[in-house]
2 protein chains.
Amino acid sequence: MWKTGRNSQNTKECLLEAACHLFAEKGFSATTNRDICSRAGANIAAINYHFGSKEKLYAEAWRKAFHNSLEKHPPDGGVPPDAPAEERLHGRIQAMIHKFADKENPAFQIAHKEMAVPTSLLKEVKVECIGPLQEEMNNVLRELLGPEVPEQQVHFCQASIESQCFRILRHTRTSGSIQPETVSASSKDIEDDIAGYADHVFRFSLAGIKAVRSSIENDTDY
Amino acid sequence: MWKTGRNSQNTKECLLEAACHLFAEKGFSATTNRDICSRAGANIAAINYHFGSKEKLYAEAWRKAFHNSLEKHPPDGGVPPDAPAEERLHGRIQAMIHKFADKENPAFQIAHKEMAVPTSLLKEVKVECIGPLQEEMNNVLRELLGPEVPEQQVHFCQASIESQCFRILRHTRTSGSIQPETVSASSKDIEDDIAGYADHVFRFSLAGIKAVRSSIENDTDY
DNA sequence: AGCTAAGTGAATCATCCGATTGAATTTCCT
DNA sequence: AGGAAATTCAATCGGATGATTCACTTAGCT
């Protein structure tokens with residue numbers, strides 16, 4: 001985190017790391033260049049020297065964190081592509097939840113803030129990074145939902161699953177903030193048992209998917 | 001929105017309304033007093049005169065919008081408390097989703113931003129306003145999940161349902177922003193058919209709840 | 001060693017922020 | 001109408017922000 005000894009590329013790395021943590025904690029507009037440089041042990045001028053502007057640092061920090069996160073948590077959860085669809089669904093849900101819960105990789109805490117308070121990044125990033133992941137999930141869902149599933153039902157199920165995983169991002173406090181931690185009991189439970197929640201989301205969603213499939217095949221309007 | 005003719009209490013109302021819209025659109029720290037006063041057609045000093053500070057205006061605007069929203073969308077969805085639990089679940093999901101989707105009442109867009117970038121308000125507001133609603137939902141879920149359901153399973157199911165409803169808040173763009181609206185197809189579907197999504201969330205979740213219940217009763221570990 | 005380019009640092013820029021002032025204006029009551 | 005209180009207004013406050021400057025140190029190469 002702090003500059004260890006030598007300089008140059010080191011400073012840039014430190015700035016990126018500090019920026020990641022601070023942007024994840026306080027969002028873009030509430031984080032100041034001085035905060036970042038102070039945490040990185042760098043001079044105020046360093047940001048504009050290495051990145052050109054606060055916004056470009058923001059973009060670069062996010063992108064780096066996002067790719068690190070994807071590398072650490074492969075989206076398929078390590079389940080091979082020829083495994084049964086149920087297992088692949090399980091893998092993807094596990095990967096998503098643990099990715100979101102990973103406090104070492106604040107990429108998705110930044111993404112969460114981007115969703116709530118979009119900067120110019122949102123569109124670009126969504127299309128480029130998150131879109132493909134959603135499409136892979138949709139393919140798994142199409143298998144589970146059967147051949148005649150309307151596209152809208154696929155999207156609804158994708159939204160149901162993704163949003164349950166996103167739930168992890170709320171109340172994931174980063175270190176340093178002086179929150180008295182009197183959050184409601186329900187979020188406490190989830191925070192304390194992320195693996196349990198991941199398991200729940202899989203079972204809950206699998207039942208939901210099967211219900212959607214049978215209601216389609218039984219032609220129960222919809 | 002603009003002062004029509006006479007002043008006094010009118011200004012205060014206009015400030016609250018303008019603050020609601022701007023805080024919902026850009027969040028607390030990215031919204032300036034000048035923005036608010038300009039939109040409300042008031043003088044810069046008006047905020048500190050009527051509310052004391054930007055933060056107090058924020059709190060008051062949110063509280064007003066929240067209560068308006070609850071009044072417009074009763075949390076039980078109009079389903080009487082002696083109706084079957086399934087119907088009450090349906091009512092609550094409907095109410096939640098339409099409440100979140102209501103662009104006239106930006107209270108929950110502000111809440112969404114509060115979750116992502118908490119100010120000092122979050123704790124107070126959660127405990128005071130959202131907590132009771134969650135507990136009412138938990139009571140419905142306990143009925144549906146059976147008498148021997150562990151408390152954690154109730155919270156997990158509550159989180160699953162609430163988070164699916166929260167999904168509505170993402171991509172709910174407020175007017176004025178110059179977004180090219182090239183959001184991904186899935187969110188487009190949801191935005192275009194909120195009633196359909198609400199129906200989906202109910203069926204999807206009901207199946208999930210039943211699965212959790214049977215896995216408890218069949219003692220399939222968990 | 002000597003030179004050049006890359007990188008750092010303290011100080012400072014113009015700008016914007018939220019808040020305050022005090023005078024001017026309006027509203028309300030008698 | 002007349003005066004007191006409530007409200008609005010332009011102007012301005014100190015402070016913080018993002019960005020920039022320019023003198024300096026260091027790294028890398030011949």
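The points below cover the fold, the domains, the core, the chain contact and a few single residues.

This is a predicted model, in which local features need pLDDT of at least 70 and side-chain atom pairs count only at pLDDT 80 or more, while totals for chains, interfaces and linings use all residues. Residues are numbered from 1 along each chain as its sequence is written, and chains are lettered from A and ligands numbered from 1 in the order in which they are written. Chain A has 10 helices and 0 strands; helices (H or I, at least four residues) and strands (E, at least two) are DSSP runs, numbered from the N terminus.

**Fold of chain A**

- The order of elements from the N terminus is α-α-α-α-α-α-α-α-α-α.
- Of the 222 residues in chain A, 42% are buried. A residue is buried if 20 or more other C-beta atoms lie within 10 Å of its own, exposed if 12 or fewer, and partly exposed in between, with C-beta atoms placed from the backbone.
- Among contacts in chain A with a separation of 6 or more, 65% join residues 24 or more positions apart. Two residues are in contact if their C-beta atoms, placed from the backbone, lie within 7 Å.

**Domains of chain A**

- Chain A is divided into domain 1 (1-58) and domain 2 (73-217), with bounds that come from an automatic or database domain assignment.
- In chain A, 7 residues of domain 1 are in contact with 9 residues of domain 2.
- The side of domain 1 of chain A that touches domain 2 of chain A consists of 4 nonpolar, 2 polar and 1 charged residues. Here Ala, Val, Leu, Ile, Met, Phe, Trp, Tyr, Cys and Pro count as nonpolar, Asp, Glu, Lys and Arg as charged, and the others, Gly among them, as polar.

**Nonpolar core**

- The largest nonpolar core holds 114 residues, of which A:Leu15, A:Ala19, A:Ile97, B:Leu15, B:Ala19 and B:Ile97 touch the most other members. A nonpolar core is a set of buried Ala, Val, Leu, Ile, Met, Phe, Trp, Tyr and Cys residues joined through C-beta atoms within 7 Å.
- Leaving out residues up to four places away in sequence, A:Ile97 touches A:Cys165, A:Ile168, A:Ile194, A:Tyr197, A:Ala198 and A:Val201.
- In soluble globular proteins, nonpolar side chains tend to be buried together.

**Helix H2 of chain A**

- Helix H2 (residues 33-40) of chain A has A:Ile36, A:Cys37 and A:Ala40 buried.
- These residues are on the same side of H2(A) because they cover an arc of only 90° around the axis, the arc being that of the directions from the helix axis to the C-beta atoms.
- An α-helix has 3.6 residues a turn, so residues three or four places apart point the same way.
- The cover over the buried residues of H2(A) includes helix H1 (9-26) and helix H3 (45-50) of chain A.
- A:Gly41 follows H2(A) and has a positive phi, near 70°.

**Contact between the chains**

- The contact takes 43 residues from chain B and 42 residues from chain A.
- On the side of chain B that touches chain A, the elements giving two or more residues are helix H6 (107-116), helix H7 (121-145), helix H8 (151-166), helix H9 (185-192) and helix H10 (194-217) of chain B.
- H10(B) gives the most to that side, with 12 residues.
- The residues of the side of chain B that touches chain A divide into 15 nonpolar, 19 polar and 9 charged.
- H10(B) has 24 residues and reaches 34 Å from its first C-alpha to its last, close to the 34 Å expected at 1.5 Å a residue; the expected span is 1.5 Å times one less than the number of residues.
- The buried residues of H10(B) include B:Tyr197, B:His200, B:Phe202 and B:Phe204.

**Single residues**

- A:Arg167 is in the loop between helix H8 (151-166) and helix H9 (185-192) of chain A, and counts as buried because it has 23 C-beta neighbours inside 10 Å.
- Residues up to four places away in sequence aside, A:Arg167 touches B:Ala159 and B:Ser163.
- B:Phe23 lies in helix H1 (residues 9-26) of chain B and counts as buried, with 26 C-beta neighbours inside 10 Å.
- B:Phe51 is in the loop between helix H3 (45-50) and helix H4 (54-72) of chain B and counts as partly exposed, with 19 C-beta neighbours inside 10 Å.
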